[in-house]
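Hello,

Here is the structure I promised to pass on.

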Amino acid sequence: MSQGATMPIDYARLTGMRFEPVRHTYTRRDTMLYALGLGVGADDPTDAGDLKYVYEKSLVALPMQAVTLAAVPMLLADPSFGINYKLLLHAEQTLIVHKPLPTEGTVSGEFSIDEIYDKGEKGAIMYMTRKIFDTASGDLLATMGNVAFLRGDGGFGGKSEGAPKPRPVPADREPDHSIVMANPRNQALLYRLSGDYNPLHSDPEIAAVAGFDRPILHGLCHYGMAGRALIKTLCGDDPSRLLRLDTRFTSPVYPGEALRVDLWNISGGDASFRVVASERNVVVQDFGRCEYRT
């Protein structure tokens, strides 16, 4: 058993659980606030491309907003699961878009734990899925995958091999495009208003205990920022053309630091990307994959 865990996780219980659907009603204000939390409008508040995400006159929703909807808050923190929640890291995020996200409405989220891989002393890797449906029409809007690295929960006796392998970015050539993203110093304070109130992203004392100089940016915030940049570059700034957005989080990001998306065109409608904290020259997202309608 890993240090810090009081009991091994119960693989059969976790993967066999059936969770009640979660209903979530959101408003046009929430849609605008989500976009502001990604830095939309930070460079030029009069830009028509940005205004459509933050101004009710012709409002459209960014598809990445799905990650904030119908989530199960602090689910894995339940002590009965045996998970050392304090050592959990969000490792990967995937998004498949089935239909454009309404700017307001009520959705229902269905959650499942699909698989857990035992990496021994290194920890465990948990794969989860969340599907959100429009309750008015019954339409499936988005399917999301969340991979959690359970650093304190390896050695429970599960299988170690078979986890999906993400596609690496091309190593044989320079990126086809590089996109600088706005990352205001108050970015985390804005993004948390979309529902992630983890004090690691707002409280300097909590951040210091976790070993950081200051609060760090939410991974799903710079994930959404990358998605916004890719929609603008690959989709003609039409969010309805985004079909898939996958990434792996590889290093923390600080609000206010310079970020860059490096983009490789693989084929029509398929691209690879990574996100770099350019002043530190650190890759903060890797194995990025973006599929879009051409």
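Let me start with a glycine: H2 is followed by Gly 39, whose phi is positive, near 90 degrees. (Helices, H or I of at least four residues, and strands, E of at least two, are DSSP runs numbered from the N terminus.) Before going further, please keep in mind that this is a predicted model, in which local features need pLDDT of at least 70 and side-chain atom pairs count only at pLDDT 80 or more, while totals for chains, interfaces and linings use all residues. Residues are numbered from 1 along each chain as its sequence is written, and side-chain values use heavy atoms, with hydrogens and water left out.

Helix H2 itself covers residues 28-37, and its buried residues are Thr 31, Met 32, Leu 33, Tyr 34, Ala 35 and Gly 37. Buried here means under 20% relative accessible area, exposed means over 50%, and partly exposed is in between (1.4 Å probe, protein chains only). Contact means heavy atoms within 4.5 Å.

In the loop between H3 and strand S2 (88-97) you will find Gly 82. Gly 82 counts as buried because its relative accessible area is 8%. Pro 8 is 74 residues away from Gly 82 in sequence, yet their C-alpha atoms are 6.0 Å apart in space.

Two threonines may interest you.

Thr 143 belongs to strand S5 (residues 140-150). Its relative accessibility is 15%, so Thr 143 counts as buried. The side chains of Thr 143 and His 98 are joined by a polar contact of 2.8 Å. (A polar contact is a pair of N or O atoms within 3.5 Å; within protein, one must be able to donate a hydrogen and the other to accept it, and residues adjacent in sequence count only if both atoms are side-chain atoms.) Not counting residues up to four places away in sequence, Thr 143 touches several others, among them Thr 94, Leu 95, Ile 96 and Arg 130.

Thr 247 sits in strand S7 (residues 242-249). With a relative accessibility of 3%, Thr 247 counts as buried. Its side chain makes a polar contact of 2.8 Å with the side chain of Gln 285. Leaving out residues up to four places away in sequence, Thr 247 also touches residues including Ala 91, Tyr 223, Phe 273 and Phe 287.

Beyond its neighbours within four places in sequence, His 177 is in contact with Thr 233, Val 261, Asp 262, Leu 263 and Asn 265. His 177 and Pro 252 are 75 residues apart in sequence and 23 Å apart in space, C-alpha to C-alpha.

Now for the chain as a whole. It has 6 helices and 10 strands, and buried residues make up 48% of its 294 residues. The C-alpha atoms fill a box of roughly 55 × 45 × 40 Å along the principal axes. Among contacts between residues at least 6 apart in sequence, 73% join residues at least 24 apart.
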